Amino acid sequence: MFEAMTMADRMMVLHEEISQQIGVPLDVYNHPNNTFVASFIGFPPMNLVEAKVSENTLFLNYERAIRFSNSSLLLPEQVIVGVRPEHIHLVPSQDEYFIATVVNVEILGTETLVTFQLTKRTHWIARWNGQWNIQVGERIPLVIDEANIVFFDDHGFRLPYPISSHTMSGEGKR
């Protein structure tokens, strides 16, 4: 999957013999047209979760509230939120964050994959450079790089939404 991106100038993602997206590999990776492309390209794939939008708040799986403090979200009421694993970070001191419980840790030598419980029904994966001493069951403070959040409609098609002007905050604000 992801390794094929290093071998091409342009690529086409097919699903059931239908072209889903054609483009430069990094554009396809960073700007997937739909949830199929988002979950097919990259390892681990993009984390996806359904969310309800209410003013400046996302309710992930109707359980975890994530606020955008600078503005109302100009999105449909129901969306799918996508975040690549490398855009989820341990919190630097004094940042706003949310707490998640670690359910699996894979140290792969040059990077560490941390699977955590986003909601009761959903696990997401964070990918960090290096080797991290994180334990299963540990509760860790995380932050999502909001400039890299991707929104899809409830049919799985990408929504054009400029997110970089918003600041996100979640429960557990310091």
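Is Ile-22 buried, partly exposed or exposed? In this predicted model, Ile-22 counts as partly exposed, because its relative accessibility is 48%. The residue is found in strand E2, which spans residues 18–23. Together with Met-12 and Leu-14, Ile-22 makes a nonpolar surface patch of about 300 Å².

The sheet that contains strands E7 to E11 was examined next. This sheet is open and has five strands, arranged in the order E7-E11-E8-E9-E10 with antiparallel pairing. Strands E7 and E10 stand at the edges with a single partner strand each, so one side of each is left without a neighbour in the sheet. On average, and with direction ignored, neighbouring strands of this sheet are turned by 50° against each other. In general, the strands of a sheet pair through backbone hydrogen bonds, in either a parallel or an antiparallel manner. Here, E9 and E10 run antiparallel and are joined by seven bridges. Within this pairing, Thr-115 stands opposite Ile-125 of E10.

Thr-115 also belongs to the surroundings of Val-103. Val-103 is placed in strand E8, which covers residues 98–107. With neighbours within four places in sequence left aside, Val-103 is in contact with Thr-115, Phe-116, Gln-117, His-123 and Val-136. The C-alpha atoms of Val-103 and Glu-138 are separated by 8.3 Å, although these residues are 35 positions apart along the chain. Val-103 counts as partly exposed because its relative accessibility is 30%.

Salt bridges were then searched for across the whole structure, and three were found. One of them joins Glu-63 to Arg-121, with the closest N and O atoms 3.9 Å apart. Glu-63 lies in the loop between strand E4 (57–60) and strand E5 (64–68), whereas Arg-121 lies in the loop between strand E9 (111–117) and strand E10 (123–129), so the pair ties together parts that are 58 residues apart in sequence. With regard to accessibility, Glu-63 is partly exposed at a relative accessible area of 37%, while Arg-121 is exposed at 59%.

Arg-127 takes part in a salt bridge with Glu-86, in which the closest N and O atoms are 2.8 Å apart. This pair links distant parts of the chain, since Arg-127 is in strand E10 and Glu-86 is in the loop between strand E6 (78–83) and strand E7 (88–90), 41 residues apart. Arg-127 also meets Glu-111 in a salt bridge between their side chains, with an N to O distance of 3.8 Å. Because Arg-127 lies in strand E10 and Glu-111 in strand E9, this pair ties together parts that are 16 residues apart in sequence. Arg-127 itself counts as buried, because its relative accessibility of 17% falls under the 20% limit.

Most peptide bonds are trans, and most residues other than glycine have a negative phi. Against this background, the peptide bond from Phe-43 to Pro-44 is cis, with omega near -10°. Pro-44 is placed in the loop between helix H2 (35–40) and strand E3 (47–54).

Positive phi values were found at Glu-16 and at Glu-55. For Glu-16, which is not a glycine, phi is about 50°. This residue is placed in the loop between strand E1 (11–15) and E2. Glu-16 counts as exposed because its relative accessibility is 68%. For Glu-55, phi is near 55°, again a positive value in a residue other than glycine. Glu-55 lies in the loop between E3 and E4, and is exposed, with a relative accessible area of 62%.

Terms used. Residues are numbered from 1 along each chain as its sequence is written. This is a predicted model: local features need pLDDT of at least 70, side-chain atom pairs count only at pLDDT 80 or more; totals for chains, interfaces and linings use all residues. Side-chain values use heavy atoms; hydrogens and water are left out. A salt bridge is a side-chain nitrogen of Lys or Arg within 4 Å of a carboxyl oxygen of Asp or Glu. Helices (H or I, at least four residues) and strands (E, at least two) are DSSP runs, numbered from the N terminus. Buried means under 20% relative accessible area, exposed over 50%, partly exposed in between (1.4 Å probe, protein chains only). Patches are made of residues with over 30% relative accessible area and no salt bridge: like charges are joined within 9 Å, nonpolar side chains (Val, Leu, Ile, Met, Phe, Trp, Tyr) within 5 Å. Accessible areas come from the Shrake-Rupley method with a 1.4 Å probe; for residues, only the protein chains shown count as cover. Contact means heavy atoms within 4.5 Å. Two strands pair if DSSP finds at least two bridges between them. Axes are lines fitted to C-alpha atoms, for helices over the stretch in contact, and angles run from 0 to 180 degrees between N-to-C directions.
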